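Trainee: I would like to learn how to read a few features here. Where do we begin?

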Amino acid sequence: KMAAAAAGSGAGAAAALWSEVNRCGQNGDFARALKSVNKILQINKDDVTALQCKVVCLIQNGNFKEALSVINTHTKVLTSDVIAFEKAYCEYRLNRIENALKTIQSASQQTDKLKELYGQVLYRLERYDDCLAAYRDLIRNSQDEYEEERKTNLSAVVAAQSTWEKVMPEDLGLREATYELCYNSACALIGQGKLNEAMKKLQKAEELCRQSLSEDSDVTEEDIEAELAIIHGQMAYIMQLQGRTEDALQLYNQIIKLKPTDVGLLAVIANNIITINKDQNVFDSKKKVKLTNAEGVEHKLSKKQLQAIEFNKALLAMYTNQGDQCRKLSASLQSQSPEHLLPVLIQAAQLCREKQHAKAVGLLQDFADQHPASAAEIKLTMAQLKIAQGSVTKACMILRSIEELQHKPGMVSALVTMYSHEEDIDSAIEVFTQAIQWYQQFQASQTRGANPKSPVHLSLIREAANFKLKHGRKKEAISDLEELWKQNPKDVHTLAQLISAYSLVDPEKAKVLSKHLPSSDTLSLKVDVDALENSHGATYVRKKAGKLTGDNQQKEQGQGDVKKKKKKKKGKLPKNYDPKVTPDPERWLPMRERSYYRGRKKGKKKDQVGKGTQGSTMAGSSELDASRTASSPPTSPRPGSAAAVSATSNVIPPRHQKPAGAPATKKKQQQKKKKGAKGGW
């Protein structure tokens, strides 16, 4: 355009200005070129070529708003056919993606530049199928030095489909010669759940990146680490998915310390750290959440990434007891995605934290009524809340209302366990019956009247029979056991259960069925007796038995000697023993526990005698009586006395009490001794 401007310019001053514009454009000095273009426009303000050059100079200088303003101001001169690409590019860079799409579609001629931009716009709008078709068309019909970049963009589209739309990626047949292609391939593998393969691809991408950047002498190690940050971030994400949270957290923090300029990368890493912290280390999470609020983040991430970040913000507000903020964020999320389940669950969780369980259940019920597609998950949550409140029966009613899960073995097992806990055996049996009937109807519809039993069906019948036998419902168990035996007549275990059940209900029938039991000959097993006897356990038993036998023989041989050794000594009798008098039957009991014990005789003088240090004064007899003290309530310790530390009693027995005057007396004696020592020596 610069060359065309120089060729189409007039003579004189205008020609000199166009030459200046052309020279500056070739040198990349667009700021100086813009000054010359403005001088040309002063001469002719409606010069189409000059206006185009001005728009290009502004775009090259990064002034997209001003460039778009020039285009919109001169719409009569700069028609859509002339300036379509520049206008769409400005709108794209200003994140007006929908406007950029309209501008491209309204262009009368779709040039290669517009097609390239069209692919970028479709990718930002997350229209991956259309974007894939656009890039395939570009690769097929283009042959220039940008082919590698187009293949990289194509692989990025495939990775996005695998990650966000869970579409199985097709093999594009691209040779992964660059680290960008390896990285995109790893992202596609992560979307498929092939984490180990994805990690290998990322390691290869890291190696290729180092090789590619190390060839440039101007690139420093810091520049290489900054370029590797996105690869390392994806490695940490794989570690997090694999449960290696400590390794992932360490790698995430290393990336943050590098301070990369990509705000989208920082936001994703901060969000992932918050998910690792959960309800722990909330102060660190509150710091990290600031990185998710950086300017421009909303233009760098996909809608699902932004939505996940907002969900985690609401959860963090709940964990930090910011109830109003949590409700505000979850309500905003619900208004953006009315059918999404998570905002309602967050609101219900917040209500439960505020002990408003009934309100939480009502909120979930309203959502289930409005969105039947999500009713199953909502009702499972409602049942969990009812169980937490102790309303097991109501929880069972909620679970049984989920029709699509009634027949599932896990649901049947949960309901039977809960009903058994409530001792409602009839309801538990009813759950089994309904599930068995569902499988019968389903199999009849699939097999057109035939009645083969699937493994799950037979397993349910067996569990129902065992449950009924366990709870004494043998009559009800017989029909289930007969059905099982009919399906497999060689099942001896089922036959034995059936005979056992009939033995209490119909003994004659039990005898008839017992004839079907296999004979003892058929039950004989081929056992290597020698190998069994030579085994470790059998050898130990045999040795022990032999040892016992030898001991018995020795006892029999020396029986007379043993009797001599076991000669009992006569017991000693008391000195006052009288054989004519019957011994006291209570002689083995302590004196206090005998029926004729009347207590000790207490003298008047004995009450006043203490057993402390000689010459010390004692408290009254009532204080020394342990029986009285133990029965009286404990009082606060007196000043100068030690408080009791025992957990069983606060009373110190009289024998263990120190006389009140003893410490003082002891000190006086010590002082006397010291004085005597000074005088004696």
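Mentor: With helices. A helix is a DSSP run of H or I, at least four residues, and a strand is a run of E, at least two, numbered from the N terminus. Asn95 lies in the loop between helix H6 (80-93) and helix H7 (97-106). This is a predicted model: local features need pLDDT of at least 70, side-chain atom pairs count only at pLDDT 80 or more, and totals for chains, interfaces and linings use all residues. Residues are numbered from 1 along each chain as its sequence is written, and side-chain values use heavy atoms, without hydrogens and water.

Trainee: What is the phi of Asn95?

Mentor: Asn95 is not a glycine, yet its phi is positive, about 60 degrees. Lys355 also has a positive phi, near 65 degrees. Lys355 sits in the loop between helix H19 (342-353) and helix H20 (357-370).

Trainee: Is Lys355 buried or exposed?

Mentor: Buried means under 20% relative accessible area, exposed over 50%, partly exposed in between (1.4 Å probe, protein chains only). Lys355 is exposed, at 69%. Asn95 is partly exposed, at 28%.

Trainee: How do I read empty space?

Mentor: Rolling a probe the size of a water molecule over the atoms shows where empty space is left. A cavity is a set of points, on a 1 Å grid over the protein atoms alone, where a 1.4 Å probe fits but cannot get out; lining residues have an atom within 4 Å of a point.

Trainee: Which residues line the largest cavity?

Mentor: Arg400, Gln406, Leu415, Val431, Gln434 and Ala435. Helix H24 (residues 425-447) gives the largest share of that lining, three residues.

Note on methods. On a 1 Å grid over the protein atoms alone, a cavity is a set of points where a 1.4 Å probe fits but cannot get out, and a pocket is an open set with protein on both sides within 12 Å along at least five of seven lines; lining residues have an atom within 4 Å of a point.
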